[in-house]
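Here is a protein to walk through from its outline to its details. Keep the sequence and the 3D view side by side as you read.

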Amino acid sequence: MTTASPNSPFVIRPLEAADWPAVWALLAPTFARADTYSYPPDMPEPAARAAWVEAPAATFVACDADGTVLGTYFIKPNQPGQGAHVCNCGYVTADAARGRGVAAAMCEHSQDEARRMGFRAMQFNFVVSTNEGAVRLWQRLGFDIVGTLPGAFRHPAHGYVDAHVMFKTLLQADS
Ligand SMILES: CC(C)(COP(=O)(O)OP(=O)(O)OC[C@H]1O[C@@H](n2cnc3c(N)ncnc32)[C@H](O)[C@@H]1OP(=O)(O)O)[C@@H](O)C(=O)NCCC(=O)NCCS
């Protein structure tokens, strides 16, 4: 589904094969910093593509009006089988595009997509506590910290720091 909400300057659409170089260009430095995700900092490109594009149920890109890729997210079931009604997403915004609302738009979009795909809730498994902008953003968008894993993330600068599990139901009141 391609959407550009009336209030959003971004177009969010499914990733196409030709988008991968631009997506990899924004994922690689994020993974290499190793301060927000637990992907290996030197993750080879094919492994990153497998994790970000091939394994998930769907992957999207957020673009500006001229088509430049500003961000990307994936959506997938958080668990197989009896846990498959709860989804998990990962989001990255290009360094140069941060602080402009790209991730907020992607997260809103992902919640709509998740409902459309039949998911009943969204769970983030490993939100690094020092990633304060992300924690604040997810809270603003309705996610609760439902648990905190003590020292679960080995931060390259801060050492062992907590990681949050964050959760939001996607059900309407009458569902
Ligand atoms: C976290 C991340 C996705 C936020 O993306 P973004 O497009 O900059 O987010 P937005 O512009 O929608 O910002 C939303 C809020 O986060 C804050 N914020 C988060 N990261 C920021 C950054 N690097 N620079 C400026 N503001 C940032 C903004 O202040 C804003 O808060 P406000 O609306 O209360 O003012 C982005 O920093 C990123 O890709 N980080 C690396 C990967 C990552 O941490 N992913 C999430 C893992 S849980």
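Two residues are in contact if their C-beta atoms, placed from the backbone, lie within 7 Å. Helices (H or I, at least four residues) and strands (E, at least two) are DSSP runs, numbered from the N terminus. Residue numbers start from 1 along each chain, in the order in which its sequence is written. The model is predicted, so local features need pLDDT of at least 70 and side-chain atom pairs count only at pLDDT 80 or more, while totals for chains, interfaces and linings use all residues.

Start with the whole. The protein has 4 helices and 7 strands. From the N terminus on, they run β-α-α-β-β-β-α-β-α-β-β. The C-alpha atoms fill a box of roughly 40 × 40 × 30 Å along the principal axes. The radius of gyration, taken over C-alpha atoms, is 16 Å; this agrees with the value near 16 Å for a compact globule of 175 residues, by a rule of 2.2 Å times the number of residues to the power 0.38. Contacts also reach along the chain. Among those between residues at least 6 apart in sequence, 56% join residues at least 24 apart.

Now look inside. A residue is buried if 20 or more other C-beta atoms lie within 10 Å of its own, exposed if 12 or fewer, and partly exposed in between, with C-beta atoms placed from the backbone. Of the 175 residues, 30% count as buried. A nonpolar core is a set of buried Ala, Val, Leu, Ile, Met, Phe, Trp, Tyr and Cys residues joined through C-beta atoms within 7 Å. The largest core has 30 residues, and F10, A62, Y73, C89, Y91, V102 and M106 touch the most other members. α1 (20-33), β2 (58-63), β3 (69-77), β4 and α3 each give two or more residues to this core. α3 gives the most, with 6. Another core lies apart from it, with 8 residues, among them F124, V127, F143 and M166.

Leaving aside neighbours within four places in sequence, Y73 is in contact with F60, C89, G90, Y91, M106 and S110.

Next, follow α3. This helix has 16 residues and reaches 22 Å from its first C-alpha to its last, close to the 22 Å expected. The expected span is 1.5 Å times one less than the number of residues. Which residues of α3 are buried? They are V102, A103, A105, M106, C107, H109, S110, Q111, E113 and A114. They pack against β1 (11-14), β2, β3, β4, β5 and α4. Just after α3, G118 takes a positive phi of about 95°.

Two loops deserve a stop. G67 sits between β2 and β3. G67 counts as exposed because it has 10 C-beta neighbours inside 10 Å. A34 is in the loop between α1 and α2 (45-54). Its phi is near 60°, a positive value in a residue other than glycine. With 18 C-beta neighbours inside 10 Å, A34 counts as partly exposed.

Finish at the ligand. How many residues surround it? There are 19, and the closest are T36, R98, G99, A103 and G133. Here a residue is near a molecule if its C-beta atom, placed from the backbone, lies within 6 Å of it. β4 (86-93), α3 (102-117), β5 (121-128) and α4 (132-140) each supply at least two residues of this shell. α4 gives the most, with 4 residues.
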